[in-house]
Amino acid sequence: GSQLVYAVRSVLSGNSRVLAFDRTGTSPVWISEELEGFIPGTPQMGTGGTHVYFTRNTQNDAIFTVLEIIGNTPSIYYTKSLSELEDEGAIIPENAVSRQWGPVGIAHTPSLGGNYAGGSSNFNDFVSFAHLANLATSEDANDDYGYYYGFQLPGREIDLPELLVFGDVTWGTATRPIFSADGQKMFYGGSRQQIRGWVGKRFQSGADVRISPLRTGSNPSLSTFSISPDETKIFFATARTRFYAGNASPNPPEGEIEDRILWQSVSLQDVVEVGSHVSPFGDRVYFITRNGRVHSADTEDGDIKWRFDTLQTVTADFSISADGSALYFVTQSGQLWKLNLPR
């Protein structure tokens, strides 16, 4: 899109605001009102720049929020909280160990409509999120019992917006889900380093792809992952200093689940918390480690082609231009960077 959207948190109040910049990055195009709670991950801007989607977590509740943008003026369009869902009987409190929600992922204008029962006639942006994982050293998978959710703006004017509860799960997440270009496939990074994919099923059904590179306790990956343009490979990091490519096809290879790993890079100096992006050409995958080192790797074998050191801490999601010529990211000190990419 033409704008970059970020969330900032006040060190005094603990509350958040959402800011939008144009790609010059000189000053915000708009700033939301102060919103109660902390926004995990990066807010997601919808098609046309008219809506922004995110979750926020307060001390005692979790709130899904949609902003509507009219004339560079944001206002709250829709909210739904965890406590409201419990009061309505949509979820069972005992099945939601985590009282917080993870970041929102978005599928822009799914070509076949929303990939869930009743969604095929709705071509609006589809968003999804799950409960935030309990980031601890516990080996108990039950620590991350929760739910995952879906939302689309109403397809007809007479319909009201509704947050959909897809089902209860035995995992939590720290990152947003990602989608195929047509919005019909969805991938979540979950507890125990596992990636779960819906590549041949409706989203409210169980995942039919699982990739499990390394068991490192109950924690999920801290970084958002990416998918190749032909949707056969998925690229991700673990909570350790490793970066992987996995087989994202619906038919698993013969052998154990670890056989889905295509390659791994182990020469990193820090963990990857900010995810990855694949070039539009499909030949390079870019990722940034926490210490601010940008990496460019060959998507076929993981060979590192070049590195660039910002010498600053980077923990927020980043983006790539549509033509693959530049990366945009924010450092922990609040600087917005544009890095021109060599070809």
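Trainee: Where is Thr-109 found?

Mentor: Thr-109 is found in the loop between β8 and β9. Strands are DSSP runs of E with at least two residues, helices are runs of H or I with at least four, and both are numbered from the N terminus. This is a predicted model: local features need pLDDT of at least 70, side-chain atom pairs count only at pLDDT 80 or more, and totals for chains, interfaces and linings use all residues. Residues are numbered from 1 along each chain as its sequence is written, and side-chain values use heavy atoms, with hydrogens and water left out.

Trainee: Why is Thr-109 called partly exposed?

Mentor: Buried means under 20% relative accessible area, exposed means over 50%, and partly exposed is what falls in between (1.4 Å probe, protein chains only). The relative accessible area of Thr-109 is 41%, so Thr-109 is partly exposed.

Trainee: Why does Glu-231 count as buried?

Mentor: Its relative accessible area is 16%, which is under the cut-off, so Glu-231 is buried.

Trainee: How do you know that Leu-327 is buried?

Mentor: Leu-327 has 0% relative accessibility and therefore counts as buried. Leu-327 belongs to strand β25 (residues 326-330).

Trainee: Which residues is Leu-327 in contact with?

Mentor: Contact means heavy atoms within 4.5 Å. Neighbours within four places in sequence aside, the partners of Leu-327 include Tyr-286, Phe-318, Ile-320, Trp-337 and Leu-341. Lys-338 is another of the partners; the C-alpha atoms of Leu-327 and Lys-338 are separated by 5.7 Å, although the two are eleven residues apart along the chain.

Trainee: What makes β6 mostly covered?

Mentor: Seven of the nine residues of β6 are buried.

Trainee: How do you know that β5 and β6 pair?

Mentor: Two strands pair if DSSP finds at least two bridges between them. Strand β5 (residues 51-57) and β6 have seven bridges, so they pair, in the antiparallel sense. A hairpin of four residues joins β5 to β6.

Trainee: How many bridges do β6 and β7 have?

Mentor: There are eight bridges, again antiparallel, between β6 and strand β7 (residues 73-81). Ile-63 has Ser-81 as its bridge partner in β7. The hairpin of β6 and β7 has two residues between the strands, and Gly-71 in this hairpin takes a positive phi near 60°.

Trainee: What makes a set of residues a nonpolar core?

Mentor: The members are buried Ala, Val, Leu, Ile, Met, Phe, Trp, Tyr and Cys residues joined through side-chain atoms within 4.5 Å. The largest such core here has 33 residues, and those touching the most other members are Tyr-53, Phe-64, Trp-101, Tyr-148, Tyr-149, Phe-151 and Leu-163. Elements that each supply at least two residues of this core include β6, α1 (82-88) and β10 (146-152). Beyond four places in sequence, Phe-64 touches Tyr-53, Trp-101, Phe-151 and Leu-163, among others.

Trainee: Why are β1 and β3 said to stand at the edges?

Mentor: Three antiparallel strands form an open sheet in the order β1-β2-β3. β1 (3-9) and β3 (28-31) each have a single partner strand, so one side of each is left without a neighbour in the sheet.

Trainee: What makes a space a cavity and not a pocket?

Mentor: On a 1 Å grid over the protein atoms alone, a cavity is a set of points where a 1.4 Å probe fits but cannot get out; a pocket is an open set with protein on both sides within 12 Å along at least five of seven lines, and lining residues have an atom within 4 Å of a point. One cavity of 30 Å³ or more is counted, and the largest cavity has a volume of about 40 Å³. Its lining includes Gly-189, Phe-225 and Phe-236. The largest pocket is lined by 44 residues, with Gln-44, His-108, Arg-176, His-277 and Ile-320 nearest its centre. β1 gives the largest share of that lining, four residues.

Technical notes. Points joined across faces, edges and corners; volume = space filled by probe spheres on them.
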